[in-house]
Amino acid sequence: MEHHQSDREHFVKKVVLPSGKTIEVVYFDEHDAPPASEARVDRACDLHVCVQCASHLAYPTTWAEASDDNWSVTIRCPECETVREGEFSQEAVEAFDEELDAGTDALTADYRRLMRANMADEVERFAAALDVGAVLPEDF
């Protein structure tokens, strides 16, 4: 007996891509649906997303070239301490590297803002101390 798409049961999963775009993936057989443990990660190349708690802070602890097109990567989640090891495609590792670069840029920007705010606070306190005569030449 031939099955037509309309006769088959299906499972629909909404996936939110890192770009923010939402797509729907339709599985026509229940056994084709992703296991619950995989449902937390939107795409195979979302290596920065923890498979256990879905944190977006997972990072590589080791990576090495496994073959011409694959990388062996160990990934750690700082929130739930899950460690994941596997072989991933060049494309997935490149996307992971881009996420890591974006995270580094965000941390660097936050660090610079914090340093400027701290320096501005120190300058204000020093200026106030000068105004009230609390700083003397012998303090230097």
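**Exercise 1. Aromatic pairs**

Determine how many aromatic pairs the predicted model contains, and classify the pair formed by Trp63 and Trp71.

*Solution.* Under the ring-centre criterion, the count for this predicted model comes to three aromatic pairs. For Trp63 and Trp71, the centre-to-centre distance is 6.5 Å and the planes make an angle of 55 degrees. Planes under 30 degrees apart would count as stacked and those over 60 as edge-to-face; the Trp63–Trp71 pair is therefore tilted.

**Exercise 2. The partner in the helix**

Classify the ring pair of Trp63 and Phe96, and state which elements of the chain the pair links.

*Solution.* Step one concerns geometry: the ring centres of Trp63 and Phe96 lie 6.2 Å apart, with the planes at 85 degrees. Since an angle over 60 degrees counts as edge-to-face, that is the class of the Trp63–Phe96 pair. Step two concerns location: Trp63 belongs to strand 3 (residues 59–65), and Phe96 to helix 1 (residues 90–131). Step three joins the pairs: Trp63, Trp71 and Phe96 are linked by ring pairs into a cluster.

**Exercise 3. Accessibility within the cluster**

Decide whether Trp63 is buried, partly exposed or exposed, and do likewise for Phe96.

*Solution.* The cut-offs are under 20% relative accessible area for buried and over 50% for exposed. Trp63 has a relative accessibility of 35% and so counts as partly exposed. Phe96, at 0%, is buried.

**Exercise 4. The sheet and the helix across it**

*Solution.* Strand 4 (residues 70–76) is joined to strand 5 by seven bridges in the antiparallel sense. Within this pairing, Val73 has Gly86 of strand 5 as its bridge partner.

**Exercise 5. Salt bridges**

State how many salt bridges the model has, and characterise the bridges of Glu81, Arg113 and Arg125.

*Solution.* The count comes to three salt bridges.

- Glu81 meets Arg76 through their side chains, at 2.6 Å from N to O. Glu81 is partly exposed, with a relative accessibility of 48%.
- Arg113 forms a salt bridge with Asp110 at an N to O distance of 2.1 Å. Both residues lie in helix 1, three residues apart, which is about one turn of the helix. Arg113 is partly exposed at 48%, and Asp110 is likewise partly exposed at 41%.
- Arg125 forms a salt bridge with Asp121, the N to O distance being 2.9 Å. These two residues also lie in helix 1, here four residues apart, again about one turn of the helix. Arg125 has a relative accessible area of 52%; since exposed means over 50%, Arg125 counts as exposed. Asp121, at 36%, is partly exposed.

Methods:
Residues are numbered from 1 along each chain as its sequence is written. This is a predicted model: local features need pLDDT of at least 70, side-chain atom pairs count only at pLDDT 80 or more; totals for chains, interfaces and linings use all residues. Side-chain values use heavy atoms; hydrogens and water are left out. Rings of Phe, Tyr and Trp (its six-membered ring) pair if their centres lie within 6.5 Å; planes under 30 degrees apart count as stacked, over 60 as edge-to-face and the rest as tilted. Buried means under 20% relative accessible area, exposed over 50%, partly exposed in between (1.4 Å probe, protein chains only). Two strands pair if DSSP finds at least two bridges between them. A salt bridge is a side-chain nitrogen of Lys or Arg within 4 Å of a carboxyl oxygen of Asp or Glu.
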